[in-house]
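Thanks for coming. I will walk through one structure today, a part at a time. Please have the sequence and the model open.

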Amino acid sequence: GYTTIENIVAYITEKFEAWHVREDVQRDTLNLLETWKYEQMIILDYDPIHSGFEANRDIIYNIPTYGDMISGVDGFLLLPPTPSPMSYGTGEIDGLGIGYLGSALKSEGFTVRLASLWLSQLNEKSLKLLIADVNPKIIGISTMTDNYENGVRIAQISKEIIPNVKVIFGGPHPTFTDREILENNKCVDYIIRGEGEVTIVELFSYILNKRGDIADISGITYI
């Protein structure tokens, strides 16, 4: 998914010592790839947050969300999209995890919006508009290993749009790579390890209401 046409042409040219016909190699490669694209065997313009089809960076996508449909919510909880074209046709992964977390937060009086984006086709333009519209104080991103990099990308975009927003990561992948994530991604502020229904309420209370001591919140990692 990350190979460029230039890489392919360079490889073929070197492999078969075909420098003298490089232009022919490039033309034939492009023709073959266009045929595969037409037959839906390959995605030429691949973007991990738009992995099901050819990327469209100009369209404004209507990204479905649910919960408190207001701007300026306390928290925006997301399940990032899969970067794998092979996931299409295997079924949606529901957002039960972020749903449970959202319910726990709402029961304590926090306003929350949610978005389960596993099979969504996104682009940066649409994400920026969504983040600006929701305008959350805290963003929670739940990831597996598969969609972890897309989660980081959403976090980076969120910090670009709302520099003071706090970003919390959770889910299977961050639980076991918490230190590594925090050390390598300045866009991530906290990680919740393991089950998070109690921890996320305590962390929201600490961040938004200055309630409690962060050192007393179990199951979190921060730097």
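**The sheet**

Ile 168 stands opposite Tyr 190, which is in strand 6. Before going on, a note on the source: this is a predicted model, in which local features need pLDDT of at least 70 and side-chain atom pairs count only at pLDDT 80 or more, while totals for chains, interfaces and linings use all residues. Residues are numbered from 1 along each chain as its sequence is written, and side-chain values use heavy atoms, with hydrogens and water left out.

Back to the strands. Strand 5, residues 166-170, and strand 6, residues 190-192, run parallel and are joined by 2 bridges. Strands here are DSSP runs of E of at least two residues, helices are runs of H or I of at least four, and both are numbered from the N terminus. Two strands pair if DSSP finds at least two bridges between them.

In what order do the 7 strands lie in the sheet? The order is 1-3-2-4-5-6-7, in an open sheet with mixed pairing. Strand 1 and strand 7 are at the edges with a single partner strand each, so one side of each has no neighbour in the sheet.

**The whole chain**

The secondary structure comes to 8 helices and 7 strands. The C-alpha trace spans about 70 × 35 × 30 Å along its principal axes. Of the 223 residues, 45% are buried. Buried means under 20% relative accessible area, exposed means over 50%, and partly exposed is in between, with a 1.4 Å probe and protein chains only.

Contact means heavy atoms within 4.5 Å. Taking contacts between residues at least 6 apart in sequence, 70% join residues at least 24 apart.

Ser 205 is in helix 8. Is Ser 205 buried or exposed? Ser 205 has a relative accessible area of 7%, so it is buried. Beyond its neighbours within four places in sequence, Ser 205 is in contact with Phe 110, Lys 210 and Arg 211.

Lys 210 is in the loop between helix 8 (197-209) and strand 7 (220-222). With a relative accessible area of 69%, Lys 210 is exposed. Its phi is near 55 degrees, a positive value in a residue other than glycine.

Glu 17 also has a positive phi, near 50 degrees, and is a residue other than glycine. Glu 17 sits in the loop between helix 1 (5-15) and helix 2. Glu 17 counts as exposed because its relative accessibility is 55%.

Trp 36 is in helix 2, residues 22-38. Trp 36 counts as partly exposed, at 33% relative accessibility. Together with Leu 32 and Met 41, Trp 36 makes a nonpolar surface patch of about 300 Å².

Asp 45 is in the loop between helix 2 and strand 1 (66-67). Which residues is Asp 45 in contact with, leaving aside its neighbours within four places in sequence? They are Phe 53, Glu 54, Ala 55 and Arg 57. The side chains of Asp 45 and Arg 57 are joined by a polar contact of 2.8 Å. A polar contact is a pair of N or O atoms within 3.5 Å; within protein, one must be able to donate a hydrogen and the other to accept it, and residues adjacent in sequence count only if both atoms are side-chain atoms. Asp 45 counts as partly exposed, at 30% relative accessibility.

Note on methods. Patches are made of residues with over 30% relative accessible area and no salt bridge: like charges are joined within 9 Å, nonpolar side chains (Val, Leu, Ile, Met, Phe, Trp, Tyr) within 5 Å. Accessible areas come from the Shrake-Rupley method with a 1.4 Å probe; for residues, only the protein chains shown count as cover. A salt bridge is a side-chain nitrogen of Lys or Arg within 4 Å of a carboxyl oxygen of Asp or Glu.
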